[in-house]
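Here is a short briefing for a first look. Please keep the sequence and the model in view while reading.

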Amino acid sequence: MQFWPMVGDLAEGLGTTVAIFALTLLFSLPLGLLVALGRMSRVGVLRQAMRLYISVMRGTPLMLQLFFFYFGPYYLFGWRLGDLGFWGIDYRFIAVIIGFSLNYAAYFAEIYRAGIESIPVGQWEAGKILGFSRVQTFFRIILPQVVKRILPPVTNEVITLVKDTSLAFALSVMEMFTIAKMEAAAHTTMVPFMVAGLFYYVFNFAVAAGMEWFEKRLDYYK
Amino acid sequence: MTDTMLSVEGVRKSFGGTEVLRDISFSVHRGEVFGIIGPSGSGKSTLLRCITQLERVSGGKIAVCGETMVEDGPDGTARYAPPAALRRMGLKIGLVFQNFNLFPHFSVMRNLTEAQIHVLNRPKAEAEEVAAGLLKRMGLESKASAYPCQLSGGQQQRVSIARALALHPEVLCFDEPTSALDPELTGEVLKVIRDLAEQKITMVVVTHEMDFARELADRIIFMDGGVVVESGTADEVISRPRHARTQSFLGRFRR
């Protein structure tokens with residue numbers, strides 16, 4: 001086995017890993033906020049529906065959920081989504097993004113909820129007294145303070161997500177772990193795993209440093 | 001223009017089965033300082049929260065500058081004005097909280113300008129001019145760019161008074177404005193309220209500072225157990241109380 005070509009293949013897979021990571025955050029962070037708001041809604045049906053959603057997403061394996069979104073459309077409805085093309089994007093990749101986004105949204109929702117409920121009710125009351133609508137109060141007064149408070153638990157989830165992207169190997173998406181596994185099997189060597197492990201570690205190191213920087217930036221008030 | 005800024009008639013409020021306010025009536029006139037005193041749990045804060053729409057009354061009538069905010073409907077339950085009218089009336093009544101409730105993530109300046117800009121749609125420059133003027137009046141002109149956590153309790157409370165004044169309310173309510181402050185800091189807040197009284201700003205003040213109430217309030221009500229026990233001029237209620245409950249309450253403030 002040649003070392004540098006193998007590293008090159010892994011680096012290429014890292015691109016897909018980063019794409020899964022970034023797209024999952026892009027979709028799950030806003031979706032999680034919506035789920036959290038539904039979970040705290042005054043409408044009982046909505047509240048119970050979001051409870052069930054969170055319960056199912058947290059209570060079943062992410063890998064099983066990935067299989068569900070990949071095979072479900074065909075097994076349940078006979079739809080061959082893979083044939084549709086999706087602007088040249090493999091449906092496997094799309095199923096991974098759907099599964100990860102829906103799964104992580106459930107975890108983020110509970111973090112948002114904890115954050116929102118930790119803001120003193122006096123902040124809402126001050127907003128109301130000053131004539132802000134509930135929506136204005138939420139986005140101008142409450143949410144910025146929530147973001148500061150939830151950064152540590154969000155960092156935990158984001159770091160877990162970096163490592164969870166390796167689950168995409170279950171659908172044979174060509175991300176870094178899938179490639180490492182193939183190279184290791186082809187050449188009966190541990191080296192690809194070790195290089196992939198190093199890549200994951202460096203990736204997470206950068207993520208943690210970024211989150212720390214963000215936390216410091218919000219350090220200007222208590 | 002009417003001279004009655006706030007009128008409260010037969011207001012009732014219960015939480016579950018507990019009656020917190022029973023048949024409260026009074027009115028506040030333009031330029032007057034109206035004091036509300038009474039022991040803890042007497043309902044005075046709840047009353048203030050009903051006037052400022054933080055709580056809904058169970059019955060009775062409240063009118064702001066002659067406009068009805070809530071009254072008894074034909075079925076005996078409280079009937080509120082439409083949301084737009086409630087919002088308009090809400091802006092006529094400011095509230096200074098016991099524990100300030102400043103926005104910690106905004107600078108002092110932004111605490112004062114945010115609602116002016118996004119609620120009253122004032123241009124930013126004008127809002128900052130209004131805020132700067134108020135900070136100067138409060139002796140806080142050097143603190144415009146500070147954050148609330150960098151200020152003392154007395155300074156925070158003065159910022160929160162300025163924040164309420166920035167919207168030019170017709171009536172400014174205070175909910176025990178010095179109760180969360182160390183004794184040496186209460187003076188600077190009371191001085192600000194005294195200045196506002198001299199400028200004839202209409203105020204409703206719930207307070208435990210009896211000397212302050214006697215000095216400043218034109219009229220006072222003493223509440224206990226959700227009812228108005230005694231009302232009159234500050235001198236009448238505090239210096240010559242007629243009711244036994246008022247006398248025993250005030251007795252605790254004398255040595």
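Chain B holds 9 helices and 11 strands. Helices (H or I, at least four residues) and strands (E, at least two) are DSSP runs, numbered from the N terminus. The model is predicted: local features need pLDDT of at least 70, side-chain atom pairs count only at pLDDT 80 or more, and totals for chains, interfaces and linings use all residues. Residues are numbered from 1 along each chain as its sequence is written, while chains are lettered from A and ligands numbered from 1 in the order in which they are written.

**Overall form of chain B**

- The radius of gyration of chain B is 18 Å, which agrees with the value near 18 Å for a compact globule of 255 residues. It is taken over C-alpha atoms, and the globule rule is 2.2 Å times the number of residues to the power 0.38.
- Along the principal axes, the C-alpha atoms of chain B fill a box of roughly 50 × 50 × 35 Å.
- Of the 255 residues in chain B, 44% are buried. Buried means that 20 or more other C-beta atoms lie within 10 Å of the residue's own; exposed means 12 or fewer, partly exposed is in between, and C-beta atoms are placed from the backbone.
- Among contacts in chain B with a separation of 6 or more, 60% join residues 24 or more positions apart. A contact needs C-beta atoms, placed from the backbone, within 7 Å.

**Where the chains meet**

- Contacts link 20 residues of chain B with 17 residues of chain A.
- On the chain B side, α2 (83-92), β7 (93-96) and α3 (108-118) each supply at least two residues.
- That side divides into 11 nonpolar, 7 polar and 2 charged residues. Ala, Val, Leu, Ile, Met, Phe, Trp, Tyr, Cys and Pro count as nonpolar, Asp, Glu, Lys and Arg as charged, and the others, Gly among them, as polar.

**Nonpolar cores**

- The largest nonpolar core has 79 residues. Such a core is a set of buried Ala, Val, Leu, Ile, Met, Phe, Trp, Tyr and Cys residues joined through C-beta atoms within 7 Å.
- B:Ile220 is one of the residues with the most contacts inside this core. Not counting residues up to four places away in sequence, B:Ile220 touches residues including B:Gly35, B:Ile37 and B:Val237.
- Another core, of 40 residues, lies apart from the largest one and includes A:Phe169 and A:Phe177.

**Two buried residues**

- B:Val64 lies in strand β4 (residues 59-64) of chain B. It counts as buried because it has 25 C-beta neighbours inside 10 Å.
- Leaving out residues up to four places away in sequence, B:Val64 touches B:Leu6, B:Met69, B:Met89, B:Lys92 and B:Ile93.
- A:Ser101 sits in helix α4 (residues 91-118) of chain A. It has 21 C-beta neighbours inside 10 Å, so it counts as buried.
- A:Ser101 touches A:Thr24, A:Phe27, A:Ser28 and A:Leu31, again not counting residues up to four places away in sequence.

**Helix α3 of chain A**

- The 16 residues of α3 (residues 62-77) should span 22 Å at 1.5 Å a residue, and the end C-alpha atoms are 22 Å apart, which agrees. The expected span is 1.5 Å times one less than the number of residues.
- α3(A) bends by about 55° at A:Phe71, and A:Pro73 follows within four residues. The bend is the angle between axes fitted to the seven residues ending there and the seven starting there.
- The buried residues of α3(A) are A:Gln65, A:Leu66, A:Phe69 and A:Tyr70. Their cover includes α4 of chain A.
- After α3(A) comes A:Gly78, with a positive phi near 75°.
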